[in-house]
Amino acid sequence: MTTQPAISVVRELIDSFVDRNSFFELDALAEHDCTYFGSERRKIPGDGIVTGFARINGRSVVLYAHDDSFLGGSSSRMHALKITKVLDLAIKTGVPVIGLNSSSGIRIHEGIDAGVQFAEVFYKTVKASGVIPQISILLGDCAGGAAYTPALTDFVIMVKDSSTMFLTGPTVIRQATGEEVTKEDIGSAMLHAKTTGLAHFVVNTPEEALSVARELLEFLPQNNCSPAPQRVAEERITARLSGIIPRDSNEPYDVTEVIGEIVDGANYLEVHHYYAPNIVTAFAHLCGIPIGIIANQPKTLAGCLDIAASEKAARFVRFCDAFNIPILTLIDVPGYLPGINQEAGGIIGAGAKLLHAYCESSVPKIAVVLRKAYGGAHPTLANKWATDMIFALPEAEIAIMGPQAAVDVIFRRQMADAEDPQARRAELVTEYRNAHASADYSARRGYINGFLDDQTIRPALANAFRILQDKIAVSPGRKHSNIQL
């Protein structure tokens with residue numbers, strides 16, 4: 001008689017996640033074959049991991065989920081075999097992969113057998129990268145070798161106060177270094193959200209984690225050869241930008257309010273909210289068209305590009321490019337963040353990553369200068385040769401340096417000799433702005449394609465993305481580029 005797998009919490013969780021009656025479990029009776037240390041007496045059908053396929057909002061997906069009630073969810077050789085099989089299925093059929101992770105790490109009872117087999121999971125995960133979307137939902141501990149798999153996927157969702165992710169746990173650290181730490185000290189959700197950047201989303205409950213994953217899928221295609229799902233276009237034309245963006249170039253504001261005015265229904269899904277908050281990355285729909293958005297955030301570090309922001313944006317650009325999601329860049333940037341920590345920390349290399357990502361990507365790319373685009377950040381975010389169309393709001397400034405700073409460099413002696421240095425400085429700032437910094441100058445020189453305002457920005461951007469949707473991207477033949485790492 002065939003033994004049926006027991007109803008478990010993890011199976012109930014999957015049923016609550018996917019469309020009703022759509023989940024079919026694969027290899028439900030598979031067991032580990034370890035005979036060491038009494039393992040042969042500890043077996044359950046499925047070996048503590050559930051794999052299968054289902055539908056979410058009518059779309060096919062494959063899933064795997066650890067059951068941490070059996071041996072702490074530890075990852076066995078059989079786990080690796082089951083995960084590899086669903087990865088192969090996902091690649092073969094071109095559907096997203098979702099992992100519900102809660103594992104104490106590689107099952108030590110099995111030693112190298114489990115370790116070697118999991119190398120195939122890592123290999124297949126990398127092979128699937130850029131081919132099918134991969135989402136990891138961390139519902140408990142994700143330790144040791146089990147942490148590599150989510151780290152290799154496109155998006156990681158963690159639950160505050162219950163998810164952790166680390167390579168070496170507190171016991172090993174205490175033995176190796178003498179440090180006394182907790183799991184939360186080395187791998188909490190907020191640590192990975194704010195500091196390491198490994199967590200793209202942090203939520204309060206497992207149910208909320210599943211909800212975010214469902215919402216995320218609404219912006220993603222099934223694979224790199226299929227289009228992202230479109231929605232019915234919102235009929236609204238106007239956007240209330242003039243009431244949000246201050247005329248004073250140094251006054252902060254929240255760029256997410258601008259995003260809300262531009263996109264359909266003011267609905268967007270922000271990615272990496274806690275990491276490098278001086279730049280915003282998000283998914284949204286514009287007149288029904290799915291887009292990725294990158295926007296400087298003036299309320300944090302004045303919207304400067306720093307190391308973390310450059311790397312965050314570069315990864316987002318590369319994801320959108322891999323899955324043919326058009327990119328809208330909203331620019332209000334005074335340049336790269338100055339300082340010895342940034343220079344010594346590798347700001348040049350980080351900025352090169354972002355510039356490389358934009359230049360290498362072939363998806364439709366549109367940039368809008370909201371208020372200012374200064375210094376090296378301008379040719380990075382709105383590179384004329386890498387960007388299909390560049391627009392600006394009427395009062396925007398585009399310059400190699402802000403007018404005030406430029407005048408202080410060029411006319412330092414002249415101002416010192418003037419009868420009224422402050423008045424003379426004001427005159428020179430106006431003169432420099434008119435000569436080089438105004439968006440009018442860039443328009444006359446052909447550096448931008450035109451001006452947008454509250455009445456025209458939504459329809460103009462939508463029409464621009466529509467005409468660009470069938471663009472032909474021509475790149476020189478090569479194995480791959482050599483991106484800064």
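Q: Which residues line the second largest cavity?
A: A lining is read as a list of residues with an atom within 4 Å of a cavity point. In this predicted model, the second largest cavity is lined by Tyr-64, Ile-83, Leu-87, Val-97, Gly-99, Val-121, Thr-125, Gln-134, Ile-135, Ser-136, Thr-149 and Thr-153. Two or more of the lining residues come from each of α2 (77–93), β4 (97–103), α3 (112–128) and β5 (134–143).

Q: Which element gives the most to that lining?
A: Strand β5 does, with 3 residues in the lining of the second largest cavity.

Q: How do the residues of that lining divide into nonpolar, polar and charged?
A: Gly counts as polar in this scheme. The lining of the second largest cavity has 6 nonpolar and 6 polar residues, and no charged ones. Its volume is about 60 Å³.

Q: What is the volume of the largest cavity, and which residues line it?
A: The largest cavity holds about 70 Å³ of space. Around it are Phe-155, His-200, Val-271, His-272, Thr-281, Lys-312, Arg-315, Phe-316 and Phe-319. Helix α10, which spans residues 307–322, gives the most to this lining, with 4 residues.

Q: How many residues of the lining of the largest cavity are charged?
A: There are 2 charged residues in the lining of the largest cavity, alongside 4 nonpolar and 3 polar ones.

Key:
Residues are numbered from 1 along each chain as its sequence is written. This is a predicted model: local features need pLDDT of at least 70, side-chain atom pairs count only at pLDDT 80 or more; totals for chains, interfaces and linings use all residues. Side-chain values use heavy atoms; hydrogens and water are left out. On a 1 Å grid over the protein atoms alone, a cavity is a set of points where a 1.4 Å probe fits but cannot get out, and a pocket is an open set with protein on both sides within 12 Å along at least five of seven lines; lining residues have an atom within 4 Å of a point. Grid points are joined across faces, edges and corners, and a volume is the space filled by probe spheres set on the points.
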